[in-house]
Amino acid sequence: MDDGHVIPSLNEDWSFAGAKLMEWMAGMTTAFLCSNLVEKPAHYMPLLIIIMIGTTLALATLRKKFPDEERGVMHLFMTCLGFAPPGIPAPARIQPRWSGGRISTLSETSLYMQLELDYVVNKPREEQGR
């Protein structure tokens, strides 16, 4: 629309009770898997329905805790498994020691010293033209 009017819900995904289709499918799959654990699933149907709805709403609630939704959940699980999520720096849980402070000396075996990057960064004053 040229007048700046925004059509409501134009870019939103389908949802029911606040949960997206994949979350409902995960809840249904969980109920199917749990039905295999009992001998007569028909006797446990109320419990299986509670498991299905509970799983669905739990996944929807978890997704809504992150501003980037599905990507945030993916990053959470990757961090829990010990992998650094792609495209972002390693989270503090994986790399707990971060420092913005200056390092006074570096080991001669470090890659920084082997490439002589200290010479590039800290040129002597006479070479700087001052």
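This is a predicted model: local features need pLDDT of at least 70, side-chain atom pairs count only at pLDDT 80 or more; totals for chains, interfaces and linings use all residues.

Trainee: How far does H2 reach from its first C-alpha to its last?

Mentor: H2 has 20 residues, covering 45-64. At 1.5 Å a residue, the expected span is 28 Å. The model comes close to that, with a reach of 29 Å.

Trainee: Which residues of H2 are buried, and where do they fall around the axis?

Mentor: The buried ones are Leu48, Met52, Thr56, Ala60 and Arg63. Looking down the axis of H2, these buried residues stay within an arc of 100 degrees, so they line one face of the helix. Their cover includes strand E2 (19-20), helix H1 (21-35) and helix H3 (70-81).

Trainee: Is Ile50 buried or exposed?

Mentor: Ile50 sits in helix H2, on the face turned away from the buried side, along with Pro46 and Lys64. Exposed means over 50% relative accessible area. Ile50 has 57%, so it counts as exposed.

Trainee: What is the C-alpha separation of Ile50 and Ala31?

Mentor: Along the chain, Ile50 and Ala31 are 19 residues apart. Their C-alpha atoms are separated by 8.7 Å.

Trainee: How many disulfides does the structure hold?

Mentor: Cys34 is partly exposed at 22% relative accessible area, and Cys80 is partly exposed at 49%. A disulfide needs two cysteine sulfur atoms within 2.5 Å. The count for this structure is zero.

How values were computed: Residues are numbered from 1 along each chain as its sequence is written. Side-chain values use heavy atoms; hydrogens and water are left out. Buried means under 20% relative accessible area, exposed over 50%, partly exposed in between (1.4 Å probe, protein chains only). Helices (H or I, at least four residues) and strands (E, at least two) are DSSP runs, numbered from the N terminus. The expected span of a helix is 1.5 Å times one less than its number of residues. The arc is that of the directions from the helix axis to the C-beta atoms. Contact means heavy atoms within 4.5 Å.
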